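Read the following alongside the sequence and the coordinates.

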Amino acid sequence: MRLLVKNIARIVGIESTGRLRCCGADMNKLGTLDDAWLLAEDGRFAAFGRMDSLGDIAADEVVDAAGGMLFPSFCDSHTHLVYAGSREREFLDKINGLSYEEIARRGGGILNSADRLHETSEDELYAQAMERVREIAAMGTGCVEIKSGYGLSTGDELKMLRVIRRIRESVPLEVRATFLGAHAVARAYRGRQGEYVDLVCNEMLPAVAAEGLADFVDVFCDEGFFTVEETARILKAARKLGLRAKIHANELAVSGGVQVGVACDALSVDHLERMGREEIEALRGAATMPTLLPGAAFFLGMSYPPARAMIDAGLGVALASDYNPGSSPSGNMRMVCSLASIRMKMTPAEAINAATLNGAYAMGLSRDYGSVTLGKVANFFITKPMPSIEFFSYAYQTPLIRQVFLRGRKMCGL
């Protein structure tokens, strides 16, 4: 299958140096080519060049970009999009002044989603999740990580991960699965957190590994959830089973989550609304990718992660949606990029790199995804004509994405 796209005003996100992530000042460098064509063959980028160099190329399908720009698909490295129902009642609670922590203490939040998920069949969970997958694909996402964590029992965590496996087998998006049994302490273990950690380590993790259901393991290492010591124990148990860490850290407090993530060679540490100099120093030189979720800070009315300080210190950052029913009910990665610029003072180029190449890195996928690079998988989208790359983040609600392509084929529904 050969797909030729012609009359592209600008190809955005060209990467020819072989780097797997970008850091510091390099985050503001975005490879581009104006007045271009692009060829995908058998689902991968095969060639591109300026229109005046386009000869007689045989193709099974020819697409006229008609002066639109071409971007690599977003790589959303942190979502919880397998869940049952919705939690708009808690939305009202927040409006009425309750904090995220207060809602959790009243039995809402994660435990509310766990109750609903327990009563929902695997088939219904799959159907609901697929609606969300179709939604994010239409908005330009081509790679996505999906976590469990609303089961909080062995059976229900496995149910969630089996749904994620079905999604992976059903769609052309690249899907990665993360086991998040340590998202909260299950109701049945209230007051017995140590016993719940025992359950995660001794029963849940071996069951997940036995079925090969997860690529990564995650822990909510934060105030009111899991301690640094409990997090380290879970991550070490997972490592013995071949699961690398991707953890929630420093959303609610300076929790030590960043340091334990780096010490356990986590692929990413995510959230980071509460970050200081020590956390930035811990990440300097590490393979761990700081992943920022501005959609959650926006929805919860929290402070935003200090993206500018991280980048100016030489770190790379990734951006992700945190799509979930309680604190970020949206998978719109373009809006995430706009929030990164508006609220965290990232340039549009930095935001695009964070949402593509660095997002792919945070899933271990940047060798094959996250940029327009010869040989990488041809996941991309074409926009309507725009005056500049900056317009893509500036006009944050204008419907600019015109066509989506996954594995070198136009998406016509999943």
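Which residues does Ala184 touch, not counting residues up to four places away in sequence? They are Ile110, Leu111, Leu152, Tyr196, Phe225 and Phe226, where contact means heavy atoms within 4.5 Å. The model is predicted: local features need pLDDT of at least 70, side-chain atom pairs count only at pLDDT 80 or more, and totals for chains, interfaces and linings use all residues. Residues are numbered from 1 along each chain as its sequence is written, and side-chain values use heavy atoms, with hydrogens and water left out.

Ala184 sits in the loop between β8 (174–182) and α6 (193–211); helices (H or I, at least four residues) and strands (E, at least two) are DSSP runs, numbered from the N terminus. Its relative accessible area is 7%, so Ala184 is buried (under 20% relative accessible area, with exposed over 50% and partly exposed in between; 1.4 Å probe, protein chains only). From Ala184 to Ala104 the C-alpha distance is 9.7 Å, at a sequence separation of 80 residues.

Ile110 and Leu111 are also among the buried residues of helix α3 (residues 110–118), along with Asn112, Ser113, Ala114 and Leu117. These buried residues pack against α1 (88–95), α2 (100–105), α4, α5 and β9 (216–221).

Two of those partners also meet each other. The axes of α4 (residues 122–138) and α5 (residues 154–170) come within 10 Å and cross at roughly 50°; axes are lines fitted to C-alpha atoms, for helices over the stretch in contact, and angles run from 0 to 180 degrees between N-to-C directions. The two helices are therefore oblique to each other, the class left once angles under 35 degrees (roughly parallel), over 145 (roughly antiparallel) and 65 to 115 (roughly perpendicular) are set aside. On the α4 side the contact includes Leu125, Tyr126 and Ala129, and on the α5 side Val163, Arg166 and Ile167.

Ser148 lies in the loop between β7 (141–147) and α5. Its relative accessible area is 0%, so Ser148 is buried. The Ser148 side chain makes a polar contact with the side chain of Glu157 at 2.5 Å (a pair of N or O atoms within 3.5 Å; within protein, one must be able to donate a hydrogen and the other to accept it, and residues adjacent in sequence count only if both atoms are side-chain atoms).

Helix α12 (residues 333–344) has 10 of its 12 residues buried. Just after α12, Lys345 takes a positive phi of about 60°.
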